[in-house]
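Hi,

Here is the structure I said I would send over. Have a look at it first, and then read on for what turned up.

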Amino acid sequence: MVVSSSAFRKAQIGKESGYGVEAEATAVLLGNFTHKDNPTVTLPEEATGHLSKYTRYLKTNTIAEISRQGTFSFEQCLYYLLMSIRGNIVPTQLDSDPGSVHAYEWAFVPSLTSANNPNSFTLRYGNNVQAFITKYVLAKTLEIKGGANEAVQLACNMFGQNFAKADFETGLVVPTVEDVVAKRGIVFINDSGATIGTTQKSKTLTEFTWKLDTGYEPQDFLDGELWFTDHSEGPRSVELDMTFQFNETANAEFEAYYAGTKRFIRLSIPGSQIVTGHAKRLALDICGVYTNWESLGTKNGMDVVNVKLTSTFDPTWDNEWLVRVVNSLATLP
């Protein structure tokens, strides 16, 4: 008998060549996962001549629900950004170093006037007893959060087609990644998109939560299967919850809240150096207005305030929000 243990759980991922086209796993996916089949079930109530309320079971639809919790790494974040923001991103090499290692910027800039065509993935998850496979995996929500004494966290709720029994790919090893450390971050707040990222606000931000409802939804048709065979893309926005020390900077931001003035915020968090002049980096840019401003609270003996910024399109900047990641990867692992 095979002994089942949570220590033997693992996940593997592969990028699909087309939506729902099964992909071989190319990487071990780090983090903690839940993996649930969520069918639509009908139990007909019928006159059968006895006191049993139900005598038949009918499944009319099925969908896979997957959730991921864990740290945000400069490398594996790409899977979640490609399935939640925009697909088929080609990174830009930033350096001209003659060596074999280079710095690449992955710019996730969502189009606001055309489809963003996210990449879909095949996910394998299970333990030493059984692996299960799900195809056409896309993200429904994405959350990035961090505090002054934490590694940045990435949570992603995903959906996919049906579950099926499968085998894990062999020969894949646990990857080497670098996690993003929140305390290394710098926040900039500006009055316009033309100057975004130029005015640092020191000793103000203590924690943040960046939240995206992707707008991607499964679409069902009479296509011969019980699972979805297409997806749609709806309107979306980002919410940025922040905790400020209530100092002069925060007081000035309260004036912007009161007036409904747009704010252009960049949260930039560097990592280790890749080549001279270029380090790993996560950058979250957003234009928005404050939509909530709580009363004063206390944290570690200082006055703080919890605020919410909701993204809004700015025609001059021609953006609403975007995400950039710099790492040493020319292609997806």
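E105, R266, D285 and R324 are joined up in a network of salt bridges. Bear in mind throughout that this is a predicted model.

D285 has a relative accessible area of 2%, so it is buried.

By the rule used here, the count comes to 18 salt bridges. One more that I looked at is K211 with E239, where the closest N and O atoms are 3.9 Å apart. K211 lies in strand β14 and E239 in strand β17 (residues 238-245), so the pair ties together parts 28 residues apart in sequence. Both ends are partly exposed: K211 has a relative accessible area of 27%, and E239 one of 30%.

Staying with that part of the chain, L142 and L212 are 70 residues apart along the chain, yet their C-alpha atoms are separated by 5.2 Å. L142 belongs to strand β10 and is buried, at 2% relative accessibility.

The largest pocket has a volume of about 450 Å³. Its lining takes in 23 residues, and A148, K183, L205, T206 and E207 are the ones that lie nearest its centre. The elements that give two or more residues to this lining are β10 (131-147), β13 (186-190) and β14 (205-213). Which of them gives the most to the lining of the largest pocket? That is β14, with four residues. By class, the lining has eight nonpolar, nine polar and six charged residues.

The second largest pocket holds about 160 Å³ of space. Its lining is made up of A27, E75, Q76, Y79, P175, T176, V177, E178, K280, S328, L329 and P333. Sorted by class, that gives six nonpolar, three polar and three charged residues.

Y79 from that lining is also one of the buried residues of helix α1. The helix covers residues 77-84 and is mostly covered, with eight of its eight residues buried.

V41 is in strand β4 (residues 40-42) and is partly exposed, with a relative accessible area of 38%.

Finally, the overall picture. The protein chain has two helices and 22 strands. Its C-alpha trace spans about 75 × 55 × 45 Å along the principal axes, and buried residues make up 47% of the 333 residues.

Cheers

Conventions:
Residues numbered from 1 in each chain as written. Predicted model: local features only at pLDDT ≥ 70, side-chain atom pairs only at ≥ 80, totals over all residues. Heavy atoms only, no water. Buried < 20%, exposed > 50% of the residue type's maximum accessible area, 1.4 Å probe, protein only. 1 Å grid on protein atoms, 1.4 Å probe; cavity = no way out; pocket = protein on both sides within 12 Å on 5 of 7 lines; lining within 4 Å. Points joined across faces, edges and corners; volume = space filled by probe spheres on them. Nonpolar A, V, L, I, M, F, W, Y, C, P; charged D, E, K, R; others polar. Salt bridge = Lys/Arg side-chain N within 4 Å of Asp/Glu carboxyl O.
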